[in-house]
Amino acid sequence: MKFKPLHDRVVVQRLEEEQKTKGGIIIPDTAAEKPQTGKVIAVGPGARGEDGKLQPMGVKAGDKVLFGKWSGTEVKIDGEELLIMKESDIMGILS
């Protein structure tokens with residue numbers, strides 16, 4: 001199934017972080033926090049401004065981004081867990 005987000009929404013796939021502390025302690029999945037970094041899978045065309053013009057998106061597919069802890073809505077598409085969030089929930093692009 002293909003999914004195309006609307007307006008200023010972005011589809012993000014969480015990037016798995018290492019489940020070990022600096023001291024070498026392995027953190028079990030049940031105690032680990034969900035990562036706040038992800039890869040942009042798809043972006044909408046952008047939001048319409050008050051003047052009716054389309055505002056371009058600041059992120060594109062393939063960007064590695066940082067987002068808020070409680071950002072987005074978790075969905076499962078084709079068995080893959082993804083997040084759908086507004087562009088404003090993204091804090092920045094990681095390089």
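Predicted model: local features only at pLDDT ≥ 70, side-chain atom pairs only at ≥ 80, totals over all residues.

Colleague: How many helices and strands does the protein have?

Modeller: There are six strands and zero helices.

Colleague: What share of the residues is buried?

Modeller: Of the 95 residues in the protein, 28% are buried. A residue is called buried when its relative accessible area is under 20%, and exposed when that value is over 50%.

Colleague: What share of the contacts joins residues 24 or more positions apart?

Modeller: Among contacts with a separation of 6 or more, 63% are between residues 24 or more positions apart.

Colleague: Let us turn to charged pairs. How many salt bridges does the structure hold?

Modeller: The general idea is that side chains of opposite charge can pair when their charged atoms come close. This structure holds three salt bridges. One of them joins Lys-86 and Asp-8, with the closest N and O atoms 3.3 Å apart. Because Lys-86 lies in strand β5 and Asp-8 in the segment before β1, this pair ties together parts that are 78 residues apart in sequence.

Colleague: Is Asp-8 buried or exposed?

Modeller: Asp-8 counts as buried because its relative accessibility is 15%, under the 20% limit.

Colleague: Which residues does Asp-8 contact, leaving aside its neighbours within four places in sequence?

Modeller: Asp-8 is in contact with Gly-46, Ala-47, Met-57, Met-85, Lys-86 and Glu-87. With Lys-86, the side chain of Asp-8 also makes a polar contact, at 3.3 Å.

Colleague: How far apart are the closest N and O atoms of Arg-14 and Glu-74?

Modeller: In the salt bridge of Arg-14 with Glu-74, these atoms are 3.5 Å apart. The pair links distant parts of the chain, since Arg-14 is in strand β1 and Glu-74 in strand β4, 60 residues apart. Glu-74 is partly exposed, with a relative accessibility of 46%.

Colleague: Which side chain meets Asp-63 in a salt bridge?

Modeller: Asp-63 meets the side chain of Lys-60, at 3.1 Å from N to O. Asp-63 is buried, with a relative accessible area of 10%, whereas Lys-60 counts as exposed at 54%.

Colleague: Where is Asp-78 placed?

Modeller: Asp-78 is in the loop between β4 (73-77) and β5 (80-86). Asp-78 too is not a glycine and has a positive phi of about 55°. This residue is exposed, with a relative accessible area of 57%.

Colleague: Finally, which residues form a nonpolar patch on the surface?

Modeller: The patch is formed by Leu-66, Met-91 and Leu-94, which together have about 260 Å² of accessible area. Met-91 lies in strand β6, residues 90-94. Because its relative accessible area is 58%, over the 50% limit, Met-91 counts as exposed.

Conventions
Residues numbered from 1 in each chain as written. Heavy atoms only, no water. Helix = DSSP H or I, 4+ residues; strand = E, 2+ residues; numbered from the N terminus. Buried < 20%, exposed > 50% of the residue type's maximum accessible area, 1.4 Å probe, protein only. Contact = heavy atoms within 4.5 Å. Patch = residues over 30% accessible without salt bridge, like charges linked within 9 Å, V, L, I, M, F, W, Y side chains within 5 Å. Areas by Shrake-Rupley, 256 points an atom, 1.4 Å probe, with all protein chains shown as cover. Salt bridge = Lys/Arg side-chain N within 4 Å of Asp/Glu carboxyl O. Polar contact = N/O pair within 3.5 Å; in protein donor to acceptor, adjacent residues only side chain to side chain.
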